[in-house]
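Have a go at each one before you read its solution.

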Amino acid sequence: MRNLIKVERARYNLTQTDLATNVGVTRQTIYAIEQGKFMPSILLAFKIASVLQIEISELFIMEDIDFNKL
Amino acid sequence: MKFQFLPHYFKYIGLVLYIAYLGTSVIDDFIAGFNMEPYNPDGMSFGLEEYLNKKLFDFIGFAGILIYALAKDKVFDEYMIKLRLESMYLVFFGTMIFILIRILISSDWQMSASYLFEAQIISFLLLNKVRKYFLIDSE
């Protein structure tokens, strides 16, 4: 699973701290999501998508390898 | 699953209780050693036994460190909860593996429940701190 949070943040000129404040988490959590170290909950993913005004499926992109997981 | 943790200020309450327990235990053991008294795990050397039962004292110490471990960190969200749960998982199975290996080495080996309890909580706190440092603070 990859995500375009960094790209979308840049589009709105938001820092990690700005986005974190808007969705109510820490900057470290946004960093971990961007780096692919942490998969957010559905609720948090929706919040991030809402702040960045983008569809969740466009923000978080499933890859072929993800279908074989779990 | 929603995990309810204690508010952050409980960290200070837990720490004060545990430090009081630890400090008194050290002073007690020092006095006992200084007076060359035989080791007595259930007694206290400096007259406190009239006011405090040793078991109650142990309970306060263990409760203190448990309260410390259960209190929220200043920075707390779902990523922190994930790190915390992973640390608990690692400590739990780490302890089980340690006990298995220890029993293999000497079959009559035993460990008291209070030592296990204390070792698990301290290991959890240290592991959680180290993982947070390497995964978050070092970025």
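**Exercise 1: the build of chain A**

Task: work out how the radius of gyration of chain A compares with that of a compact globule.

Solution. Start with the rule: the radius of gyration is taken over C-alpha atoms, and the globule value is 2.2 Å times the number of residues to the power 0.38. Along its principal axes, the C-alpha trace of chain A spans about 35 × 20 × 20 Å.

A quick word on ground rules: this is a predicted model, where local features need pLDDT of at least 70, side-chain atom pairs count only at pLDDT 80 or more, and totals for chains, interfaces and linings use all residues. Residues are numbered from 1 along each chain as its sequence is written, while chains are lettered from A and ligands numbered from 1 in the order in which they are written.

Next, the elements. Helices (H or I, at least four residues) and strands (E, at least two) are DSSP runs, numbered from the N terminus. Chain A has 6 helices and 2 strands, arranged along the sequence as β-α-α-α-α-α-β-α.

**Exercise 2: two chains, two tallies**

Task: find what percentage of the residues is buried in chain A and in chain B.

Solution. First the cut-offs: a residue is buried if 20 or more other C-beta atoms lie within 10 Å of its own, exposed if 12 or fewer, and partly exposed in between, with C-beta atoms placed from the backbone. In chain A, 26% of the 70 residues count as buried. In chain B, buried residues make up 12% of 139.

Now look at contacts, where two residues qualify if their C-beta atoms, placed from the backbone, lie within 7 Å. For chain A, take the contacts with a separation of 6 or more: residues 24 or more positions apart account for 54% of them. For chain B, among contacts between residues at least 6 apart in sequence, 80% join residues at least 24 apart.

**Exercise 3: a helix pair in chain A**

Task: describe how H2(A) and H4(A) cross, and name the residues that make the contact.

Solution. Two packed helices are described by the angle between their axes and the distance between the axes. Axes here are lines fitted to C-alpha atoms, for helices over the stretch in contact, and angles run from 0 to 180 degrees between N-to-C directions. The axes of H2(A), residues 16-23, and H4(A), residues 42-51, come within 9 Å and cross at roughly 120°. Then pick out the residues: H2(A) brings A:Leu19, A:Asn22 and A:Val23, and H4(A) brings A:Leu44, A:Lys47, A:Ile48 and A:Val51. Sorted by class, that contact has 5 nonpolar, 1 polar and 1 charged residues. (Ala, Val, Leu, Ile, Met, Phe, Trp, Tyr, Cys and Pro count as nonpolar, Asp, Glu, Lys and Arg as charged, and the others, Gly among them, as polar.)

**Exercise 4: where the chains meet**

Task: say how many residues each chain gives to the contact, and which helix of chain B gives the most.

Solution. Chain A supplies 10 residues and chain B supplies 8. On the chain B side, H3(B) gives the most, with 3 residues. By class, that side has 4 nonpolar, no polar and 4 charged residues.
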